[in-house]
Amino acid sequence: MKGLASFLKSVFLFKPAEPKNPFVLDDFENKSANPDDGRSDGYDGEKGADEKDGENREQRKSDRRKKITKPVLLSGNDDTESDDNKSDDKDEKDDRISSSVETCLAVIKERYSADINADFKIREFKVRIRDRAYPAFVCFFDGLVDTSIVNNNILVPLMTLSVMPMETEDRSLQEIVNDHLIPQNQLKMCRSYQEVVDEINFGGAGIFIDSLDVAFAADVKGWEHRNVEQPTSELNIRGPRESFIESNRANSALLRKILKDENLIVEDVLVGERSKTPCSIVYIKTIANSRLVDEVRKRLKSIKIAYLRDAGELEQFIEDDTFLPAPQMLLTERPDRVAAYLGEGRVAILVHGSPFAIVVPVTFFNLIHSPEDYYLRYPYSTLLRIVRILGILITLYLPAVYLAITNYHQEMLPTDLLLAIASAREKVPFPTIVSILIMEISFELIREAGIRIPGPIGPTLSIVGGLILGQAAVSANLVSPILIIIVAVTGIGSFAVPDFSLGYSFRALRFIYILLAGFAGLLGISLGMFIHFLLLINAKSFGVPFFAPFAPKTTGKRTNTVFRSPLWKEEDRPDFVNPKDVKQQPFVSRGWVVSEKGVRTDGSEDNDR
Amino acid sequence: MDQKTTIGNFEAACILLNLVSTKIILDFPRTASEDAGTAAWIMILLDSAVVYLLFLLITRMYKKFAGKDLLDVSEKALGKTGKTVFGIIYLAQFMYVTSIVLRQFAEDIKVISLSTTPVSIVILMFSAGMIVGAWLGLEAVSRLHVLAVPILAIAYILILLFNIPRYDVTRLSPWLGLGVEALAVKGVFNLSYFSELVALFFLMPFLKKEKNFGEVGRYGIFFSGLFLVLSTLCYLMAYQYPTSTEFFLPVYQMARAIKIGRFFARIEAAFILIWASCAFLYLSSCLYFITYIFQRAFDLKYRKPLIAPFIVLIFTLSLVPENLYSALQAEMQIYRIFAWIISFIFPIIILAIASFRARLRSKREEVSSQ
């Protein structure tokens, strides 16, 4: 009741909106105080204040609910702050690695519940240095590490090589271990248990040696993973056939392999308070707008979530508008596609455990492009894009327009076609809108069931559902044959939408258009289109208007939006991304045309050729 | 702090073009032909020229106040009271024209296709679009104009082109139509066809390049004038006077006449999309201006809470005329007689007073400094 009352109150009473400061990607590169490091002070400060405010508000709310009257503190706020600092210091002290290996062992065993955690392994041994044996142990997760590396690069040197003669007289134990005894390429010296634990959780091995107040964390990852395979959702005939896998580093390596650019930055951010999922912000330092990189970093760092498992989850946490009926970022499993977008000045986000990379910012037009567009000659890819747009229009509007015409605007149809439709519908007892809804819902059922059921049965179901049910429905006079054609063409059109998420959006919106057409014919469709386009035009993807460069009209060229132009004509990067360097290639990118076609380098053409 | 809304000059020009030209798909060519007979196109041509000159004058006077809307200028001229009074006047003008046009669109759609639907339901559907448009604000509406206006213009030009076989230049004779006197007298009142241009003076604070507002206005007047003249000329060439005074929806009539082979004989229903799109753009822009003017006139902090009461008012006002004929009368016999004064003469007066007072002030400052 209380919820209902507050809802009604919110409907009828105006509540001023909270002041907003939406991110707009403009070309003022140096607006932020320190654009290159991007860890803007303002942000941290803001975050701190916001967090505090939020916590206080939550506290106040819960207090109100519990009806607790808090005693007024006599000593004021300063004392509480200092208490907090004290407890923080205490925690830090407790977390510092002890120089007694026994204490370390006890702490690690407790942290990992080693007595019940079957895959957590601890190997105790002794290291002999300067004629003294130091107790030590190494711990790791079985299955996450490559055990041969643990044996050969950690245990063998520490247990056997340590007795070999070395120049160790004036050096500390810590230096000797680090410089001579662990021949491992990635070795981290940790001063707190938490650092070691984070490394162990992500496929590292923790090495503790008595009388050292540090521990070593060696990167010995060796878990099972999929090999790089062909993409499954973005197939192509031309172009590379590699796709991302579930490993973050493998994915960044795939990008490096394509771009071969020392300016390609892969910046790690951990997301998830418990999962600490490594995410990488990938961009080309000399092209990507620093403010855009800052914004991506800011959004990622601000996420408070326990576990992050996939890029799809991350997308929902960083998108500008949750309720917009269209995705605002591109998720792709193709490294070549991501590399192309990075080259335009966009930013990619890789999530460990997800075979999809997120690309931001994107416009509506990026979502209707296919990676193959760039590998085909431009007349073909332009034709393909037209076909794709036609597919989108059919998916969204064909059933609705059919319904509007048959219900409200019969005069639009030529007489012969009208008679054909009328005779086909003659025996059908349902109104057209009911028939359409039955068929569309059935189609969605078949599609959903086809994905969920085990592989070999999938095609059988499609045949049973598509052909036999359709034929039976027509024979039983439940729907007209023309309607079957309409629904089938609509379904085929939806498969032509290259972006998976956008396809879902169109599938859902199709039903709204059908209802509007059933209510008011073409006027209903117009109303739907007006609101749909308004929402899309009003949207932004990381500060970039969703319909750029058309609405708003930007100053740059409009190549590679709806249609494609020859690759040699695409001299500029998209201006709405505001890259640091707009020029992608010179006006004459094909040097040979200067001599053979008489094109001068200043852009003018030789009239005498 | 909220991000300041800005719109490009092209976007502003598209808004003006749509606001002025939307009447073409309502009753415009017919009413023009009623007023000046076969010389209606000359009357519109002259009107366009006069409006252009008036606008040049206003542009010159406005230069000192670039970036300020008309209400700011009226405050400079006549103080807070002046601002409120002129705010109410312009608010009344927009509300009057919006409610009449809303009723006309609803009636037209009802006649064309939704013959059994009550007119209030059709008005409600338009109102839904208006609310969303006004809620999302000028930025979204202006961007949609940029996408839609060129498409709508092409669609309209196609209607004119497909009618070419029906054009006969001799139908334009007698060349001076109902006579020079009718041209002159009716021509003055028909300056009101361009009355929506006043919206530019409320767009001023949002223009990215505010110094170039003259360019926006000139492009707006040129293209809307071009479309108004073309539509009248083509309509009069397609239908002989006095037949041309009989069709209540002239452009729809022209669309109906299109025949491209046997298969595409009745494609006029597809033009409902054009009708409705124009209507949604026009009406949502108007609702935005209504709420904006009210907010500015009374110095209110928020605009969006005004959308609900004003849509109720407009909905109610649009139902006041008994039928389509009464709505048309309300437009032709009342609105058109006064609108040109409010849209062109009032701004000139306001600007003149504001300039005069500004000059006086500067002189006074000079004297006091000496």
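Buried residues account for 33% of the 609 residues in chain A. Keep in mind that this is a predicted model.

**Chain A overall**

Chain A has 19 helices and 12 strands. It is divided into four stretches: domain 1 covers 101-219, domain 2 covers 248-362, domain 3 covers 387-541 and domain 4 covers 548-609.

**Two loop residues with positive phi in chain A**

A:Ser211 is not a glycine, yet its phi is positive, near 70°. You'll find A:Ser211 in the loop between β4 (204-209) and β5 (215-219) of chain A. A:Ser211 has 13 other C-beta atoms within 10 Å, so it is partly exposed.

A:Lys276 also has a positive phi, near 45°, in a residue other than glycine. This lysine, A:Lys276, belongs to the loop between β6 (264-271) and β7 (277-284) of chain A. Since 15 other C-beta atoms lie within 10 Å of A:Lys276, it is partly exposed.

**Cis peptide bonds**

In chain A, the peptide bond joining A:Ala551 and A:Pro552 is cis, with omega about 10°. A:Pro552 is placed in the loop between β12 (544-545) and α19 (592-596) of chain A. In chain B, the bond from B:Ser173 to B:Pro174 is cis, and its omega is near 0°. B:Pro174 is in the loop between α6 and α7 of chain B.

**Where the chains touch**

How many residues does each chain put into the contact? Chain B supplies 34 residues and chain A supplies 29. On the chain B side, the elements giving two or more residues are α1 (9-21), α5, α6 (138-162) and α11 (272-297) of chain B. Of these, α5(B) gives the most, with six residues. Sorted by class, the side of chain B that touches chain A has 23 nonpolar, seven polar and four charged residues.

**Helix packing in chain B**

Helix α4 (residues 70-112) of chain B packs against α5 (residues 119-136) of chain B, and α4(B) also packs with α11(B). Here are the two pairs side by side.

| Pair | Axis angle | Axis distance | Crossing |
|---|---|---|---|
| α4(B) and α5(B) | roughly 120° | within 9 Å | right-handed |
| α4(B) and α11(B) | about 155° | 8 Å | left-handed |

With an angle of roughly 120°, α4(B) and α5(B) are therefore oblique to each other. Their contact brings B:Leu102, B:Phe105, B:Ala106, B:Glu107, B:Ile109 and B:Lys110 of α4(B) up to B:Val119, B:Val122, B:Ile123 and B:Phe126 of α5(B). By class, that contact has eight nonpolar, no polar and two charged residues.

The α4(B) and α11(B) pair is another story. At about 155°, these two helices are therefore roughly antiparallel, the label for angles over 145 degrees. The contact of α4(B) with α11(B) holds 24 nonpolar, three polar and three charged residues.

B:Arg171 lies in the loop between α6 and α7 (180-189) of chain B. Is B:Arg171 exposed or only partly exposed? It has 17 C-beta neighbours inside 10 Å, so B:Arg171 counts as partly exposed. Leaving out residues up to four places away in sequence, B:Arg171 touches B:Leu236, B:Met237 and B:Gln240. From B:Arg171 to B:Glu268 it is 97 residues along the sequence and 24 Å through space, C-alpha to C-alpha.

B:Ser369 lies in helix α13 (residues 324-369) of chain B. B:Ser369 has 6 C-beta neighbours inside 10 Å, and therefore it counts as exposed. B:Ser369 and B:Glu181 are 188 residues apart in sequence, with their C-alpha atoms 56 Å apart in space.

How values were computed:
Residues are numbered from 1 along each chain as its sequence is written. Chains are lettered from A and ligands numbered from 1 in the order in which they are written. This is a predicted model: local features need pLDDT of at least 70, side-chain atom pairs count only at pLDDT 80 or more; totals for chains, interfaces and linings use all residues. Axes are lines fitted to C-alpha atoms, for helices over the stretch in contact, and angles run from 0 to 180 degrees between N-to-C directions. Helices (H or I, at least four residues) and strands (E, at least two) are DSSP runs, numbered from the N terminus. Angles under 35 degrees count as roughly parallel, over 145 as roughly antiparallel, 65 to 115 as roughly perpendicular and the rest as oblique. A crossing is left-handed if the near helix is turned anticlockwise from the far one by less than a right angle, and right-handed if clockwise. Two residues are in contact if their C-beta atoms, placed from the backbone, lie within 7 Å. Ala, Val, Leu, Ile, Met, Phe, Trp, Tyr, Cys and Pro count as nonpolar, Asp, Glu, Lys and Arg as charged, and the others, Gly among them, as polar. A residue is buried if 20 or more other C-beta atoms lie within 10 Å of its own, exposed if 12 or fewer, and partly exposed in between; C-beta atoms are placed from the backbone. Domain bounds come from an automatic or database domain assignment.
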